[in-house]
Amino acid sequence: MRILDMYEENKTLLSFEVFPPKKTSPIESVYGVLEELTELKPAYISVTYGAGGTAADNTCAIASKIKHDYGVEAIAHITCVNSSRRQVSDTLEQFRANDIDNVLALRGDIVPDLPPQTDFHYASELTEFIREKGGFHIAGACYPEVHPEAKNDIDDILNLKKKVDAGAEFLISQLFFDNQYFYDFQQKCRFGGINVPIEAGIMPVINTKQINRMATLCGATLPAKFLRVMARFENNPKALRDAGIAYAVDQCVDLIANGVSGIHLYTMNNPYVARKITEAIGSLL
Ligand code: FAD
């Protein structure tokens, strides 16, 4: 089903992200996670592609399992920066053969060790390529605190507009811990003529390892309120987990009250956390 058709006025979609297991682990190791996540009946589940050393080949198999075995709509991520047109076409054919018609078209992070490819430079080019092939509904990524490589926020919005014009039907945001960044970004998008639904990416931080890793990796600002909570409970894993969940719930409540189109939960393959948050906000959606 086309995700765009799921949005309704005064309703907020709740969706999840999962990642395939590391290359050294069997694909079956994620099935238990999928079973528990799909029981929560999210609008859809997205499956990352080759991120953080996970096997790209498994993206299609996992998306297909989510859709066909558990009856939940799935989005398969696809990146292009290290791929030729032929490789991208092959991946799309694999998606098509598995009846996966929702894709999140990404540039991907530049990996210095891999041989450079020149077929695609930006996600907008991939989006156009997929649209021209036909038969897919396409989503794109966006960055409330500006993509780290962008010259400035205006340039980033203008580039995002190219991606939307190329065929991105809705956007999923990078994670953030201060909702004000998201609201300001949303407004800039509207001023820039970007009128597609924008889902807010929320990452519940439940252990100390995650905190700095996330901030360094994606450049998200860690607000004083967030840092106080983390500092207070850093030596008490259970309290830190509960505080991280409560912080994410607080963000979600505010976003829903402000009419956000969707909340995309970066579950980190942790069904316990996804369940707690779904239970807390389920009646508000
Ligand atoms: P783009 O939209 O191409 O933007 C990248 C940079 O180029 C930006 O600075 C932009 O301003 C600039 N730019 C864009 N177009 C132009 C242009 N025409 N001229 C000049 N500059 C331009 N990575 C993975 O490897 N696998 C995943 O599964 C994955 N999933 C993700 C899911 C979400 C929701 C998000 C937010 C990110 C995800 N990423 C994933 C990370 C993503 O690949 C990186 O953030 C990457 O650096 C940018 O990808 P993009 O698609 O946003 O790129």
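**Salt bridges and cavities**

Author: Arg96 and Glu93 sit three residues apart in helix 3 (residues 85-97), about one turn of the helix. Keep in mind that this is a predicted model.

Reader: What do Arg96 and Glu93 form?

Author: A salt bridge, with 3.6 Å between the closest N and O atoms.

Reader: And how accessible are Arg96 and Glu93?

Author: Arg96 is partly exposed, at 35% relative accessible area. Glu93 also counts as partly exposed, with 40% relative accessibility.

Reader: How many salt bridges are there?

Author: The count comes to 13.

Reader: Which residue does Arg2 meet in a salt bridge?

Author: Glu169, at 2.8 Å from N to O. This pair links distant parts of the chain, 167 residues apart. Arg2 is in the segment before strand 1 (13-18), while Glu169 is in the loop between helix 5 (153-166) and strand 6 (170-175).

Reader: Is Glu169 buried or exposed?

Author: Buried, because its relative accessible area is 15%, and the cut-off for buried is under 20%. Arg2 is partly exposed, at 29%.

Reader: What about Lys188, which side chain does that one meet?

Author: The side chain of Asp153, in a salt bridge of 3.1 Å, N to O.

Reader: Which residues do salt bridges with shared partners join into one network?

Author: Lys67, Glu73, Asp99 and Asp101.

Reader: OK, cavities now. How many are there of 30 Å³ or more?

Author: Three. The largest cavity holds about 50 Å³ of space.

Reader: Which residues line the largest one?

Author: The lining is made up of Tyr143, Pro144, Glu145, Val146, Gln174, Leu175, Cys218 and Ala220.

Reader: How does that lining split by class?

Author: Six of the lining residues are nonpolar, one is polar and one is charged.

Reader: Which is the charged one?

Author: Glu145 is in the lining, and Glu counts as charged.

Methods:
Residues numbered from 1 in each chain as written. Predicted model: local features only at pLDDT ≥ 70, side-chain atom pairs only at ≥ 80, totals over all residues. Heavy atoms only, no water. 1 Å grid on protein atoms, 1.4 Å probe; cavity = no way out; pocket = protein on both sides within 12 Å on 5 of 7 lines; lining within 4 Å. Points joined across faces, edges and corners; volume = space filled by probe spheres on them. Salt bridge = Lys/Arg side-chain N within 4 Å of Asp/Glu carboxyl O. Helix = DSSP H or I, 4+ residues; strand = E, 2+ residues; numbered from the N terminus. Buried < 20%, exposed > 50% of the residue type's maximum accessible area, 1.4 Å probe, protein only.
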